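Subject: Structure for you to look at

Hello,

Here is the structure I promised to hand over. Please open it first, then read my notes below.

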Amino acid sequence: MKRLVYVAKLRWRIERDYQDLKEEIGLDHFEGRSWRGFHHHATLCAVAHGFLAIRRALFPPEQNALDAA
C-alpha cells in the first residue's frame with residue numbers, strides 16, 4: 001500500500017513538472033519537423049526548468065514582491 005501511494009504521488013509530481021514546462025518554459029512551442037530539433041528543444045527546456053527550480057529553492061521570492069504583482 002505504501003508503494004502504491006508513493007507511485008501515485010510521484011506521478012502527480014511528474015504531471016506538475018510537465019505542466020510547468022509547458023506553461024513557463026515553452027516546451028509545447030516547438031514547431032520544427034525533425035527529431036533532432038525537438039530533442040534539442042526539449043533538452044534546453046529541461047535545463048531551463050532545472051535552473052529555475054534550483055533558483056527558487058536557493059532564493060525564495062520575497063513577500064513584498066509577491067504582494068506587488
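How many positive and negative side chains does the chain have, and how far apart do the centres of the two sets lie? There are 11 positive and 9 negative ones, with centres 11 Å apart. Lys and Arg count as positive, Asp and Glu as negative; His and the chain ends are left out. Each charge is placed at NZ of Lys, CZ of Arg, CG of Asp or CD of Glu.

This is a predicted model, so local features need pLDDT of at least 70 and side-chain atom pairs 80 or more, while totals for chains, interfaces and linings use all residues. Residues are numbered from 1 along each chain, and side-chain values use heavy atoms, without hydrogens or water.

Mean pLDDT (the predictor's confidence in each residue, from 0 to 100) is 86 for the chain. The chain has three helices and zero strands (DSSP runs: H or I, at least four residues; E, at least two; numbered from the N terminus). Confidence is lowest in helix α3 (residues 63-68), at a mean of 63. Where pLDDT is low, the coordinates should not be read in detail.

The search finds three salt bridges (a side-chain nitrogen of Lys or Arg within 4 Å of a carboxyl oxygen of Asp or Glu):

- Arg11 meets Glu15 at 3.9 Å, N to O. Both lie in helix α1 (residues 2-25).
- Arg16 meets Asp20 at 3.4 Å. They also lie in helix α1, four residues apart.
- Arg56 meets Glu24 at 2.7 Å. Arg56 lies in helix α2 and Glu24 in helix α1, so this pair ties together parts 32 residues apart in sequence.

Best wishes
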